[in-house]
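Reader: I am new to reading structures. Please take one part of this one and walk me through it closely.

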Amino acid sequence: MKKELPACPVEITMGLIGEKWKVLIIRDLLTGTKRFGELKKSVTGITQKVLTNNLRQMEADGLIKRKVYAEVPPRVEYSLTKTGLSLKPILDSMVSWGISYRENQTK
């Protein structure tokens with residue numbers, strides 16, 4: 001059963017990645033598959049609970065995939081799905097805009 005999506009495309013996008021942490025998680029996964037601990041270290045300031053919740057939401061939304069290895073201790077890896085990878089141009093635009101903004105503010 002598909003969930004009801006807003007009519008506005010911007011609202012759809014913001015609903016999926018509008019939270020600060022989600023964009024930073026995507027940023028880190030754009031460079032490749034990461035384990036939970038790697039994400040926890042690279043997303044500065046996020047708590048374990050918030051990271052877990054965001055990863056679950058993003059998996060449910062089809063942005064990331066979670067792979068569990070049957071090892072002791074268990075190993076879990078996260079990577080972007082094709083849909084998640086399609087957000088790269090948006091993040092690239094955010095990078096360009098952020099660089100330009102920073103440069104203009106320091107002049």
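Author: Let us start with the sheet. Strand 1 and strand 3 (residues 75–80) pair in the antiparallel sense, over two bridges. Two strands count as paired if DSSP finds at least two bridges between them. K34 stands opposite Y78 of strand 3. Strands here are DSSP runs of E with at least two residues, helices are runs of H or I with at least four, and both are numbered from the N terminus.

A word on the source. This is a predicted model, in which local features need pLDDT of at least 70, side-chain atom pairs count only at pLDDT 80 or more, and totals for chains, interfaces and linings use all residues. Residues are numbered from 1 along each chain as its sequence is written, and side-chain values use heavy atoms, with hydrogens and water left out.

Axes are lines fitted to C-alpha atoms, for helices over the stretch in contact, and angles run from 0 to 180 degrees between N-to-C directions. Contact means heavy atoms within 4.5 Å.

Helix 2 also meets helix 1 (residues 9–17): their axes come within 7 Å and cross at roughly 80 degrees. That makes helix 1 roughly perpendicular to helix 2, a label for angles of 65 to 115 degrees. G15, L16 and I17 of helix 1 touch K22, V23 and I26 of helix 2. These residues divide into four nonpolar, one polar and one charged. Ala, Val, Leu, Ile, Met, Phe, Trp, Tyr, Cys and Pro count as nonpolar, Asp, Glu, Lys and Arg as charged, and the others, Gly among them, as polar.

K22 also forms a salt bridge with E19, with the closest N and O atoms 3.9 Å apart. The rule asks for a side-chain nitrogen of Lys or Arg within 4 Å of a carboxyl oxygen of Asp or Glu. K22 is buried, at 3% relative accessible area, while E19 is partly exposed at 38%. Buried means under 20%, exposed over 50%, partly exposed in between (1.4 Å probe, protein chains only).

Salt bridges that share partners join E71, R75 and E77 into one network.

Conventions
Angles under 35 degrees count as roughly parallel, over 145 as roughly antiparallel, 65 to 115 as roughly perpendicular and the rest as oblique.
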